[in-house]
Structure formats: structure tokens, C-alpha cells
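Take a look at the fold before reading on.

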Amino acid sequence: MAIKYVPEPFRIKMVETIKMTTSEERAEKIKEANYNLFNLRGEDVYIDLLTDSGTNAMSQDQWAGVMRGDEAYAGASSYFKLVNTAKDIFGYEFIQPVHQGRAAEKVLFPTFLKSGQYAISNMFFDTTRAHVILAGARPLDCVVPEAKDPGKRSKFKGNMDVEKMEKLIQEYGPEKIGLVVLTITNNSAGGQPVSMKNAREVAAICKKYNIPLNIDAARYAENAYFIKRDEPECANMSIKDIIKEMFSYADFFTMSAKKDTIVNMGGLIGVKNAVENADMILKIKANCISFEGFTTYGGLSGRDLEALAIGLLEGIDENFLRYRIGQMEYLASRLDDAGIIYQSPVGGHGVFVDASKIFPNIPFNEFPGQVLAIELYKEAGIRSCDIGSYMLGNDPDTNEQLEADFEFTRLAIPRRVYTQAHLDVIADALIAIKERAHEITRGYRITWEPPILRHFQASLEIIED
Ligand SMILES: *Cc1c(COP(=O)(O)O)cnc(C)c1O
């Protein structure tokens with residue numbers, strides 16, 4: 001039996017009509033898109049679960065803030081409002097706005113990483129992995145083993161495997177490890193949370209070997225909600241206190257504000273100790289001015305800074321977070337009823353369906369996660385994406401296709417956008433595909449791909465028997 005849906009802690013006062021298409025139209029559209037869902041036009045999608053990034057619905061207060069945004073080139077009041085709010089939430093002394101998460105990575109990572117070095121993470125997100133490589137270093141993933149078993153329910157599957165992490169540091173030599181990145185929640189492992197205890201342990205190892213610790217903070221609020229719910233030592237703390245303690249363990253953070261901060265564009269860099277890191281802050285400012293814009297706007301309009309400042313507070317509201325995680329749990333419970341395997345327990349920003357279980361005969365190099373994403377579009381106009389070997393791409397040194405730990409199709413749920421009935425359409429479509437899955441025996445072949453972050457742009461074709 002599906003669990004009870006947590007009612008929305010808001011009501012709707014503006015609507016956006018979405019187009020209905022036929023399955024014949026969709027079969028044609030996805031072919032024209034070279035079987036890459038990023039090539040579809042948004043208007044040809046009924047329920048868009050491609051990402052929860054920048055697809056959030058802003059509140060009336062945020063839209064009012066858009067009108068109040070101060071567009072001064074330097075020293076805008078919206079900048080100070082944002083910086084003061086962020087300092088208060090995270091307890092960091094230096095805050096730099098940038099236009100999105102990967103901009104934060106581009107500005108910050110080259111200040112740590114150089115050729116011949118490594119960076120360790122509980123799992124790198126795709127752009128984060130790319131920026132490690134662009135800085136000349138190599139990424140090493142180090143998530144706990146239970147994360148790799150989607151059907152196994154256990155808490156905090158996003159955690160760093162701290163024993164393995166310490167072994168890697170000793171094996172490569174601490175001087176070769178330029179950075180440790182703790183991704184909260186662990187997006188690539190299915191939006192799985194990282195516990196407070198794990199953050200503390202990771203921080204202690206970093207300190208022991210004198211390696212800087214950066215939090216990849218896109219979904220810090222969802223992570224804090226899971227900690228409050230599932231980690232007894234934090235059960236009586238406020239979401240804000242949990243966030244402050246979590247961030248106290250790291251030295252820096254990079255954040256895509258397009259997720260938990262409930263805006264459509266924005267990002268942040270944080271530095272905990274401004275005095276100790278004065279040289280680093282100068283480098284951050286220099287990179288920001290070259291790549292993003294002057295330090296008090298960082299590639300954003302004043303109205304974006306204002307909406308971001310307001311979204312920081314709305315995103316950590318516990319009633320909102322209960323509803324938000326409740327949506328995931330509702331959708332997941334409908335899949336439980338149908339015997340569809342996903343990364344469980346469900347994570348914070350979407351349901352990561354184990355496509356290799358739906359298509360057991362399709363090998364990793366024919367991209368089962370992409371097969372299911374294409375079928376979902378054809379079935380009901382739902383756009384999702386592969387988080388598997390198709391996304392992972394080729395080894396940067398040998399150019400051979402890598403086999404991912406998972407073959408997921410990610411159904412990322414935008415914040416405050418879709419209703420319970422939309423979630424039912426998604427569940428019904430997955431069930432229908434599962435029932436006819438035996439008819440699909442082959443996957444896709446890549447006919448063109450760029451050298452890095454290929455999944456955004458590649459062209460594919462159906463493999464015919
Ligand atoms: C989205 C995301 C990023 C990159 O942020 P963008 O705003 O898309 O550039 C980095 N890390 C994680 C964990 C993310 O989810």
C-alpha cells in the first residue's frame with residue numbers, strides 16, 4: 001500500500017499550462033533528438049524530471065525580492081543581504097556568490113589541485129568530477145559499499161567509506177591528495193544522505209593528514225532533514241543547528257544554489273576561516289573577477305542575489321522539508337508496491353530507479369539507464385536522465401568506456417512544482433514499462449560524443465539485432 005502523501009505547505013496562485021502529446025509524436029521527437037533527452041525541447045515534455053536543478057518554483061516573497069533587487073555593479077544591498085544570510089546559516093566568514101555550482105568549482109578547484117594530484121570524494125557529481133580533471137588532477141570515489149546495492153535499505157548510504165579513504169591517502173601519499181570533497185546529499189549515489197558522525201570522521205582524517213575538506217553543498221538542507229530524522233544524536237536539534245555543525249567540520253564549501261536554495265540560478269563558495277585563508281580568498285576573488293564578474297555580484301543579477309538570500313531561509317524550513325521528502329517517499333512507496341527496485345531508502349531529490357533490474361539483459365555499454373529514460377518519454381512524456389555508464393563516459397587516460405557502479409534512471413523532482421497526481425502518472429508509466437520490458441532486448445550505441453561531459457551532447461542510435 002502506498003504511504004500517505006504529505007500535503008503541500010503552500011497553495012498555488014500562478015499556473016503554467018503544459019502540452020499534451022501523443023505517443024506517435026513522442027516517438028518522432030525522441031528520434032529527432034538523437035535519443036538524447038537533453039536535445040528535446042522543454043515544450044515537448046509533459047513532466048520534466050530531467051533535473052531538480054534550477055527548475056524550482058519561487059515563492060511570492062522571492063518574486064517580490066526580484067523587484068527589490070539592487071542592480072548596483074559594486075556593493076549592492078542585495079549582495080550584503082545574501083552574504084549576511086549565508087554567514088548566519090553556515091557560520092563561514094567569507095562568502096562568494098557565483099552563477100552556479102560548476103562556477104564555484106571552476107573558481108575554487110584550481111587553487112587546490114594540480115597535475116599529478118588526486119581528489120577523494122564520497123562520490124563526485126559529474127561537473128565536479130570534470131573540474132577535478134580540468135584542474136589536471138584525478139578523481140577517486142570512496143562511497144560506503146552498501147550504496148552500491150540499491151535494493152539494500154540502510155541509513156546514510158551517501159557516507160564516505162572512511163577506512164578506504166584513509167587507505168587511499170596512505171597508498172597515494174597525503175601530499176598527492178589535493179582535496180577531499182564531501183558531497184551532501186550524495187547526488188550520484190541517489191541523493192543519499194551523509195551522517196553527522198561520518199562528516200566528523202572524514203574531517204578528523206583530513207586534519208590528521210593536513211588535507212583541505214570541501215563540502216559539495218547542493219542539497220545541504222535535505223541532508224540536514226535526514227540527519228534530524230534518522231540520527232538519534234541530532235533528533236532534538238533544529239535544521240539550522242544541524243547545518244551549522246555539519247559545516248563546522250569542513251574548511252570550504254562549493255554550492256549549486258539551484259537545488260535546496262529554491263532559485264533558478266545561483267551558486268556560492270564559502271571559506272570558514274578568512275584570516276587563515278587570506279591568500280586563498282585573494283585567489284578566489286581573482287578567479288571570480290576573471291570568470292564570473294566582480295566579487296559583489298559573481299555572475300548574477302542583483303535580483304538573483306535577492307531571491308537567493310530569501311531562498312536560503314525558505315529551503316531550511318522544516319515543514320517544507322517534511323513535504324519535500326514526503327513526495328519522494330510517496331512515489332517510492334508506489335514503486336515498492338510494483339516491485340520496482342530503486343536506490344532505497346529513497347533519497348532527497350528524486351527516485352533513482354535501478355534500470356539494470358528492469359532490463360537485466362541489456363549490458364552496461366548499451367546503457368540500460370538511458371533505455372529506461374527513453375521509454376519513459378515515449379510512454380508518458382516524462383523526461384528523466386541516465387545516471388550510469390552513459391553518464392560516466394570514458395576513462396580520461398585510456399578512452400575506454402567505464403562501467404558505472406549503478407545503472408540508474410533518475411527521476412529528479414523539482415521543488416514545489418508537481419502534485420500528487422503527477423507523481424501517480426510517473427509511477428503508472430514505470431509500471432507499464434516494467435510489464436513490457438521483456439520486449440526490449442537491445443540498448444543504444446553512441447554515434448558521436450564530445451571528450452568530456454558527453455551525456456549532455458552525445459548522439460545515439462538504436463542497436464538493431
Ligand atoms: C548540481 C550539482 C553541482 C553543479 O552545480 P550546477 O549549478 O549544475 O553547475 C555540483 N555538485 C552537485 C552535488 C550537484 O548536485
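## A starting pair

Aspartate 52 pairs with arginine 324, and their closest N and O atoms are 3.9 Å apart. The two residues come from distant parts of the chain, 272 residues apart. Aspartate 52 sits in the loop between β1 (47-48) and α2 (60-68), while arginine 324 belongs to helix α12. The model shown here is predicted.

Is aspartate 52 buried or exposed? Aspartate 52 counts as buried because its relative accessibility is 0%, and buried means under 20%. Arginine 324 has a relative accessibility of 1%, so it counts as buried too.

## The network around the pair

Arginine 324 has another partner. It forms a salt bridge with glutamate 222, with the closest N and O atoms 2.9 Å apart. This pair also links distant parts of the chain: arginine 324 in helix α12 and glutamate 222 in helix α8 (residues 220-230) are 102 residues apart. Both arginine 324 and glutamate 222 are buried.

Which residues do shared partners join into one network? They are Asp52, Arg219, Glu222, Asp260, Arg324 and Arg415. Side chains of opposite charge can pair when their charged atoms come close.

The count for the structure comes to 34 salt bridges. Another of them joins aspartate 230 and arginine 229, with the closest N and O atoms 3.0 Å apart. Aspartate 230 counts as buried because its relative accessibility is 18%. Arginine 229, at 36%, counts as partly exposed.

The chain is divided into domain 1 (23-52 + 318-462) and domain 2 (60-314). Their C-alpha centres lie 26 Å apart. How many residues of domain 1 are in contact with domain 2? The number is 35, and they meet 38 residues of domain 2.

The size of an interface is often given as the accessible area lost when the parts come together. Between domain 1 and domain 2, about 3100 Å² is buried. Carbon and sulfur atoms give 57% of that area. Charged and polar pairs cross the boundary too. Nine salt bridges run between the domains. There are also 23 residue pairs in polar contact between them. On the domain 1 side, the elements that give two or more residues are α12 (318-338), β9 (350-354), α15 (389-392) and β12 (408-412). Helix α12 gives the largest share, eight residues.

## Lysine 259

One residue carries an annotation of its own. The unreviewed UniProt entry marks Lys259 as "modified residue: N6-(pyridoxal phosphate)lysine". Where does lysine 259 lie? It is in the loop between β7 (252-256) and β8 (267-271). Lysine 259 is buried because its relative accessible area is 7%.

Leaving out residues up to four places away in sequence, lysine 259 touches Asp52, Ser53, Asn56, Ala218, Arg219 and Arg415. Among these, Asp52, Arg219 and Arg415 are also members of the salt-bridge network. The side chains of lysine 259 and serine 256 are joined by a polar contact of 3.3 Å.

## The annotated span

The unreviewed UniProt entry also places a feature at residues 48-428, "domain: Aromatic amino acid beta-eliminating lyase/threonine aldolase". The end C-alpha atoms of this span lie 16 Å apart. The span is 43% helix and 13% strand.

## Helix α5

Helix α5 (residues 126-134) holds arginine 129. Arginine 129 is buried, with a relative accessible area of 18%. Neighbours within four places in sequence aside, it is in contact with Phe124, Pro139, Asp141 and Leu392.

Histidine 131 is placed in helix α5 as well. With a relative accessibility of 15%, histidine 131 counts as buried. Its contacts, with neighbours within four places again left aside, are Arg102, Glu105, Lys106 and Phe109. The C-alpha atoms of histidine 131 and isoleucine 463 are separated by 32 Å, and the two residues are 332 residues apart along the chain.

Notes: Residues are numbered from 1 along each chain as its sequence is written. This is a predicted model: local features need pLDDT of at least 70, side-chain atom pairs count only at pLDDT 80 or more; totals for chains, interfaces and linings use all residues. Side-chain values use heavy atoms; hydrogens and water are left out. UniProt positions are given in the numbering used here, feature names are shortened, and annotations may be inferred rather than shown by experiment. Helices (H or I, at least four residues) and strands (E, at least two) are DSSP runs, numbered from the N terminus. Buried means under 20% relative accessible area, exposed over 50%, partly exposed in between (1.4 Å probe, protein chains only). Contact means heavy atoms within 4.5 Å. A polar contact is a pair of N or O atoms within 3.5 Å; within protein, one must be able to donate a hydrogen and the other to accept it, and residues adjacent in sequence count only if both atoms are side-chain atoms. Domain bounds come from an automatic or database domain assignment. Buried area is the accessible area (1.4 Å probe) that two parts lose on being put together, summed over both. A salt bridge is a side-chain nitrogen of Lys or Arg within 4 Å of a carboxyl oxygen of Asp or Glu.
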